[in-house]
Amino acid sequence: MINSHAHLDFDHIHTTAENAMAIVPSIGKQNWQQVQIYPYFSLGIHPWLSESHTQKDLDALECLIKCSNPIAIGECGLDFAKDIDRRQQLYIFECQLQLAETYKLPVIIHAVKATEEVILFLKKYPKVTGEIHGFSGSEMQAKTLADMGFYLGFGLQILNDKSLKLIKIAQNLAIESLLIETDDHANPNDLMLVAQKIAQLKHISVKDLSEQCDNNAILLFGLQ
Ligand SMILES: [Zn+2]
């Protein structure tokens with residue numbers, strides 16, 4: 001089973017499920033090197049860290065992208081729930097979309113209280129594809145993004161029975177647009193729990209669900 005978003009480098013002990021392959025995103029210059037020990041890593045600047053990155057860092061990021069073969073750009077995006085300068089967030093995000101277009105790489109996007117703005121930006125870069133990880137937008141936005149060829153990542157949030165909106169979105173979203181993930185500080189069984197929950201919601205076997213999600217990740221990230 002492929003874990004489409006796991007910050008394995010956040011944990012000193014590697015707590016991911018042993019049978020899971022993982023896409024390991026970086027969050028900024030502080031871990032661009034660390035994530036490279038994993039077979040599938042991505043390079044980018046998380047919106048939470050946009051204020052501590054400058055044009056010089058973006059240039060360094062471009063250099064690393066050219067020489068170290070990441071599978072994607074990210075984690076990048078917008079987070080309007082946090083008190084972080086929005087202009088700087090927009091600037092850092094758009095620069096990364098330009099890099100994704102230039103180097104023909106998918107993007108891994110963090111979008112919180114900013115899914116509409118993210119969609120507007122993505123429409124400016126129609127050749128760029130990717131994943132909205134830990135999706136938290138509306139059902140309409142989910143449909144728009146899926147129609148644009150984007151994949152939506154679902155994680156532990158789906159296990160909460162109070163996440164009614166998210167559960168409905170996962171139920172209605174085409175399985176071809178779905179990815180599963182554990183994000184930060186995962187326990188070994190977390191990915192399986194997410195797969196089981198979504199399989200149950202979609203009335204299919206866990207095997208069918210995880211095979212399809214694996215294929216989606218392989219296709220999006222060009223995994224070997
Ligand atoms: Zn993340």
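**Entry 1: the whole protein**

I began with burial: of the 224 residues of the protein, 44% count as buried. I noted at once that this is a predicted model. Next I looked up the secondary structure and found seven helices and nine strands. The radius of gyration came out at 16 Å, close to the 17 Å that the globule rule gives for 224 residues, so the protein is as compact as a globular protein of that length. I also looked up the box that the C-alpha atoms fill, taken along the principal axes. It is roughly 50 × 35 × 30 Å.

Residues 24 or more positions apart account for 64% of them.

In what order do the strands of the open sheet lie? I read the order 3-4-5-6-7-8-9, seven strands with parallel pairing.

Strand 4 (residues 41-43) and strand 5 (residues 72-79) run parallel, joined by two bridges. I followed Ser 42 across and found its bridge partner, Ala 72, in strand 5.

**Entry 2: the core**

Which residues touch the most other members of the largest nonpolar core? I listed Ile 23, Val 24, Ile 73, Val 107, Leu 152 and Phe 154, out of 60 residues in that core. Helix 2 (residues 86-102) gives the largest share of this core, six residues.

I then followed Val 107. I left aside its neighbours within four places in sequence. Among its remaining contacts are Ala 72, Ile 73, Gly 74 and Cys 76. Val 107 is also in contact with Gln 96, Leu 97, Ala 100, Val 128 and Gly 130.

**Entry 3: helix 5**

Which residues of helix 5 (residues 164-172) are buried? I found Leu 166, Ile 169 and Ala 170. Seen down the helix axis, the buried residues fall within an arc of 95°, so they line one face of helix 5. On the face turned away from that buried side, I noted the exposed residues Leu 164 and Gln 171.

Last, I checked what covers the buried residues of helix 5. The cover includes helix 4 (139-147), strand 8 (151-154) and helix 6 (190-201).

Key:
Residues numbered from 1 in each chain as written. Predicted model: local features only at pLDDT ≥ 70, side-chain atom pairs only at ≥ 80, totals over all residues. Core = buried A, V, L, I, M, F, W, Y, C linked by C-beta atoms within 7 Å. Buried ≥ 20, exposed ≤ 12 C-beta atoms within 10 Å, placed from the backbone. Helix = DSSP H or I, 4+ residues; strand = E, 2+ residues; numbered from the N terminus. Contact = placed C-beta atoms within 7 Å. Arc of directions from axis to C-beta. Pairing = 2+ DSSP bridges. Rg over C-alpha atoms; globule rule 2.2 N^0.38 Å.
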